[in-house]
Amino acid sequence: MPRGVYSVAGRSEAFSCAPGPAGWRFVSDRLDLACDGAFRAVRFVVTAGGRQVRGGGLRLDDGAPVLVWAPIDGSAAERTTAASGLLTPSPGSVVGLLRSVAGPGQEPVRADLDVLRFGPDPLAGLRCRLRVSRSGAVSHDAPAGPLLVETWQVTDVDTGLVSAVHLAGDVVLHAGAGVLDDEVELDQLDGPPSPTGVPGPV
């Protein structure tokens with residue numbers, strides 16, 4: 001179970017993440033995200049700017065993915081957005097998005113995703129289209145054994161903004177500003193990343 005600290009635009013975010021029998025979970029003071037075995041968001045709580053929203057994922061009869069969300073304090077009505085994942089100021093959401101497209105590996109991958117994006121004000125969630133692509137991976141020697149570090153690009157299709165993401169298992173090592181708004185650095189990690197995140201799709 002990796003535990004560590006991310007630096008997001010100079011702010012520290014302590015986190016833990018772990019696979020489980022039904023999926024994967026990420027917990028920090030900014031995001032509590034539970035995913036199923038295919039890394040689809042099952043439930044989440046996003047915290048930013050002193051506000052919180054809570055939501056979860058649904059699959060309609062036709063298989064279309066939908067996210068339902070609302071402020072925890074009941075200050076606004078529940079909203080429904082056709083989206084296959086979410087993007088928040090927390091790096092945990094980036095792991096969920098990329099792993100929903102492909103498990104760890106070296107082969108190129110590319111996909112377009114409709115995503116519910118939460119910015120500094122989580123009440124203003126908006127849908128956007130992201131293009132995610134993995135250009136490859138490099139194996140590095142590490143104390144716990146070889147560490148496969150993947151290189152991804154996340155592109156906002158509408159604005160053209162791009163963020164480069166370096167991912168190892170279920171941990172972001174570094175992500176550039178752009179689509180993600182703020183640069184992300186992994187400052188501390190108390191154990192090796194989970195190599196696959198979850199046991200497999202359910």
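## Briefing: core, rings, spaces and backbone

The largest nonpolar core has 43 residues, and Phe 44, Val 165 and Val 172 have the most contacts inside it. Strand 10 (residues 109–117) gives the most to this core, with five residues. The model is predicted. The structure also holds six aromatic pairs and three cavities of 30 Å³ or more. Its largest pocket contains about 250 Å³ of space.

**Core contacts**

- Val 165 is among the residues with the most contacts inside the largest nonpolar core.
- Beyond residues up to four places away in sequence, Val 165 touches Val 94, Leu 98, Glu 150, Thr 151, Trp 152, Val 154, Val 172, His 174, Ala 175 and Leu 180.

**Aromatic rings**

- Ring pairs link Tyr 6, Phe 15, Trp 24, Phe 26 and Phe 39 into a cluster.
- Tyr 6 and Phe 15 form a stacked pair, at 4.3 Å centre to centre and 15° between the planes.
- Tyr 6 is buried, with a relative accessible area of 0%.
- Phe 15 is buried too, with a relative accessible area of 4%.
- Phe 15 also pairs with Phe 26: the ring centres are 5.6 Å apart and the planes lie at 15°, so this pair is stacked.
- Phe 15 lies in strand 2 (residues 11–19) and Phe 26 in strand 3 (residues 23–28), so their pair ties together parts that are eleven residues apart in sequence.
- Both Phe 15 and Phe 26 are buried.

**Largest pocket**

- The lining of the largest pocket has 17 residues.
- Gly 145, Pro 146, Leu 147, Pro 192 and Pro 193 lie nearest the pocket centre.
- Strand 12 (residues 147–156) gives the largest share of this lining, three residues.
- By class, the pocket lining has 13 nonpolar, three polar and one charged residues.

**Largest cavity**

- Rolling a probe the size of a water molecule over the atoms shows where empty space is left.
- About 70 Å³ of space lies in the largest cavity.
- Its lining is made up of Leu 33, Cys 35, Phe 39, Arg 40, Ala 41, Ser 84, Gly 85, Leu 86, Ser 93, Gly 96, Leu 97 and Ser 100.
- Strand 4 (31–36), strand 9 (85–87) and helix 1 (91–101) are the elements that give two or more residues to this lining.
- Helix 1 gives the largest share, four residues.
- The cavity lining divides into six nonpolar, five polar and one charged residues.
- Phe 39 belongs to this lining and also to the cluster of linked rings.

**Gln 153 on strand 12**

- Gln 153 lies in strand 12, the strand with the largest share of the pocket lining.
- Gln 153 is partly exposed, at 41% relative accessibility.
- The C-alpha atoms of Gln 153 and Arg 134 are separated by 6.5 Å, although the two residues are 19 residues apart along the chain.
- Gln 153 is in contact with Arg 131, Val 132, Ser 133, Val 162 and Ser 163, leaving aside neighbours within four places in sequence.

- Ser 90 sits in the loop between strand 9 and helix 1.
- Both of those elements give two or more residues to the lining of the largest cavity.
- At 2% relative accessibility, Ser 90 counts as buried because the cut-off for buried is under 20%.
- Leaving aside neighbours within four places in sequence, Ser 90 is in contact with Glu 13, Phe 26, Ser 28, Arg 30 and Leu 31.
- Among these partners is Phe 26, a member of the ring cluster.

- Most residues other than glycine have a negative phi.
- Ala 9 has a positive phi, near 55°.
- Ala 9 lies in the loop between strand 1 (3–8) and strand 2.
- Ala 9 is partly exposed, at 41% relative accessibility.
- Asp 181 also has a positive phi, of about 70°.
- Asp 181 is placed in the loop between strand 14 (171–175) and strand 15 (184–189).
- Asp 181 counts as partly exposed, at 45% relative accessibility.

Key. Residues numbered from 1 in each chain as written. Predicted model: local features only at pLDDT ≥ 70, side-chain atom pairs only at ≥ 80, totals over all residues. Heavy atoms only, no water. 1 Å grid on protein atoms, 1.4 Å probe; cavity = no way out; pocket = protein on both sides within 12 Å on 5 of 7 lines; lining within 4 Å. Points joined across faces, edges and corners; volume = space filled by probe spheres on them. Nonpolar A, V, L, I, M, F, W, Y, C, P; charged D, E, K, R; others polar. Phe/Tyr/Trp six-rings, centres within 6.5 Å; stacked < 30°, edge-to-face > 60°. Buried < 20%, exposed > 50% of the residue type's maximum accessible area, 1.4 Å probe, protein only. Core = buried A, V, L, I, M, F, W, Y, C linked by side-chain atoms within 4.5 Å. Contact = heavy atoms within 4.5 Å.
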